[in-house]
Amino acid sequence: MTRSVLRGLLAGAAGTTALNAVTYLDMAVRGRPGSTTPEQTVQRMEELAGASRRSGGDEQAAGNRRSGAGALLGIASGLAAGVLYGVVRTRAPRAPAGLLALGVGMAANAGTVLPMTALGVTDPRQWPASSWAMDLVPHLAYGVATSAAYELFRR
């Protein structure tokens, strides 16, 4: 089981890289800004915890810390979903890799969207189709890359 978890962690890292690449490619091609929801999520968590990440009143530094923490939460979600892939793959060795790729992509999506929704940062029910595409396409790339990497590590 330890090997499956380690393979899943590494596969999740590959998937996270693919997700980031697809996201940044979309930003570069369409000229759109990056999402601020990760920082907003961190800020909301700070508010709920009664904590402040402000550094001597330096709002810019506090915003930069939130941005970094938000990105780290996304990476953690990607790694955790990769570990989930490894555990599921071990328990269901005959499951089609394509189906698992779709499942892990959706798990990674849920790992970021659900906390944001629970904290009131976003409401996916209000998203237009373009926002859904902007969110799902990179997560599908994540799933494909995670599955492919895991299957390669397994051989």
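Figure 1. Thr41 sits in helix 2; helices here are DSSP runs of H or I with at least four residues, numbered from the N terminus. This is a predicted model, in which local features need pLDDT of at least 70 and side-chain atom pairs count only at pLDDT 80 or more, while totals for chains, interfaces and linings use all residues. Residues are numbered from 1 along each chain as its sequence is written, and side-chain values use heavy atoms, with hydrogens and water left out. Thr41 has a relative accessible area of 5% and is therefore buried; buried means under 20% relative accessible area, exposed over 50%, and partly exposed in between, with a 1.4 Å probe and protein chains only. Not counting residues up to four places away in sequence, Thr41 touches Met116, Leu119 and Val121, where contact means heavy atoms within 4.5 Å. Thr37, Val42 and Glu46 are also among the buried residues of helix 2. These buried residues pack against helix 3 and helix 4. Just after helix 2, Gly50 has a positive phi of about 70°.

Figure 2. Helix 3 covers residues 59-91, and its 33 residues reach 48 Å from the first C-alpha to the last. That is close to the expected 48 Å at 1.5 Å a residue, the expected span being 1.5 Å times one less than the number of residues. The buried residues of helix 3 include Gly70, Gly78, Gly82 and Tyr85. Their cover includes helix 1, helix 2, helix 4 and helix 5.

**Figure 3. Thr146 in helix 5.** Thr146 belongs to helix 5 and counts as buried, at 0% relative accessibility. Leaving aside neighbours within four places in sequence, Thr146 is in contact with Ala11, Gly12, Gly15, Gly82, Tyr85 and Val104. The C-alpha atoms of Thr146 and Gly78 are 9.2 Å apart, although 68 residues separate the two along the chain.

Figure 4. Side chains of opposite charge can pair when their charged atoms come close. A salt bridge is a side-chain nitrogen of Lys or Arg within 4 Å of a carboxyl oxygen of Asp or Glu. Glu151 and Arg89 form one, with their closest N and O atoms 2.8 Å apart. This pair links distant parts of the chain, since Glu151 is in helix 5 and Arg89 in helix 3, 62 residues apart. Both Glu151 and Arg89 are buried. Arg30 and Asp26 meet at 2.6 Å, N to O; both lie in helix 1, four residues apart, about one turn of the helix. Asp26, Arg30 and Arg32 are linked in a network of salt bridges. The side chains of Arg125 and Asp123 meet at 3.0 Å, N to O. Arg125 is exposed, with a relative accessible area of 72%, whereas Asp123 is partly exposed at 23%.

**Figure 5. The ring pair of Trp127 and Trp132.** The structure holds two aromatic pairs. In this one, the ring centres of Trp127 and Trp132 lie 4.9 Å apart and the planes are at 55°, so the pair is tilted. Rings of Phe, Tyr and Trp (its six-membered ring) pair if their centres lie within 6.5 Å; planes under 30 degrees apart count as stacked, over 60 as edge-to-face and the rest as tilted. Trp127 counts as buried at 19% relative accessibility, and Trp132 is partly exposed at 32%.

Note on methods:
Helices (H or I, at least four residues) and strands (E, at least two) are DSSP runs, numbered from the N terminus.
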